[in-house]
Amino acid sequence: MMLFNYIKPEDFMLPCINKQLFGMECLGCGIQRATLLVFKGDFVLAFKTYPAIYALILLALFLIFNLFIKFKYDEKLKIALIILSVGIIIISYILKITN
């Protein structure tokens, strides 16, 4: 237990190469921090950090669940969840760079 007091997950996060090279955040900036915040239970801050986190979690859970159980309209659901996720990512990115 004492080991977890000294090791912080933030120390192992990958830096954004796009931000380092060009000075602009990429479409994925914030996903690592948001995922960590979800695991810590800070759901509101996770959404503020990366608004698409919940759509991506829902998509991942559906894809994993769909490996074992097939649905009648699973392809349409996958496409809808992908479009939702990409749409949220693009809209939040546009809002981030314009503000």
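## Exposure and the nonpolar patch

A residue counts as exposed when its relative accessible area is over 50% and as buried when that area is under 20%. In this predicted model, Phe68 has a relative accessible area of 69% and is therefore exposed. Phe68 belongs to helix α5, which spans residues 53-68.

Phe68 also contributes to a nonpolar surface patch of about 640 Å², made together with Ile64, Phe65, Leu67, Ile69 and Phe71.

Leaving aside residues up to four places away in sequence, Phe62 touches Phe71, Asp74, Leu77, Lys78 and Leu81. Tyr6 is 56 residues from Phe62 along the chain, and the C-alpha atoms of these two residues are separated by 35 Å.

## Packing of helices α3 and α5

Helix α3, residues 31-40, packs against α5 at an angle of about 75°, and the two axes are 10 Å apart. Because angles of 65 to 115 degrees count as roughly perpendicular, this description applies to α3 and α5. On the α3 side, the contact is made by Ile31, Ala34, Thr35 and Val38, and on the α5 side by Ile53, Tyr54, Leu56 and Ile57.

## Burial and the end of helix α3

The buried residues of α3 are Ala34, Leu36, Leu37 and Val38. Their cover includes α5 as well as α4, residues 43-49. Just after α3, Gly41 adopts a positive phi of about 95°.

Conventions:
Residues are numbered from 1 along each chain as its sequence is written. This is a predicted model: local features need pLDDT of at least 70, side-chain atom pairs count only at pLDDT 80 or more; totals for chains, interfaces and linings use all residues. Side-chain values use heavy atoms; hydrogens and water are left out. Patches are made of residues with over 30% relative accessible area and no salt bridge: like charges are joined within 9 Å, nonpolar side chains (Val, Leu, Ile, Met, Phe, Trp, Tyr) within 5 Å. Accessible areas come from the Shrake-Rupley method with a 1.4 Å probe; for residues, only the protein chains shown count as cover. A salt bridge is a side-chain nitrogen of Lys or Arg within 4 Å of a carboxyl oxygen of Asp or Glu. Helices (H or I, at least four residues) and strands (E, at least two) are DSSP runs, numbered from the N terminus. Buried means under 20% relative accessible area, exposed over 50%, partly exposed in between (1.4 Å probe, protein chains only). Axes are lines fitted to C-alpha atoms, for helices over the stretch in contact, and angles run from 0 to 180 degrees between N-to-C directions. Angles under 35 degrees count as roughly parallel, over 145 as roughly antiparallel, 65 to 115 as roughly perpendicular and the rest as oblique. Contact means heavy atoms within 4.5 Å.
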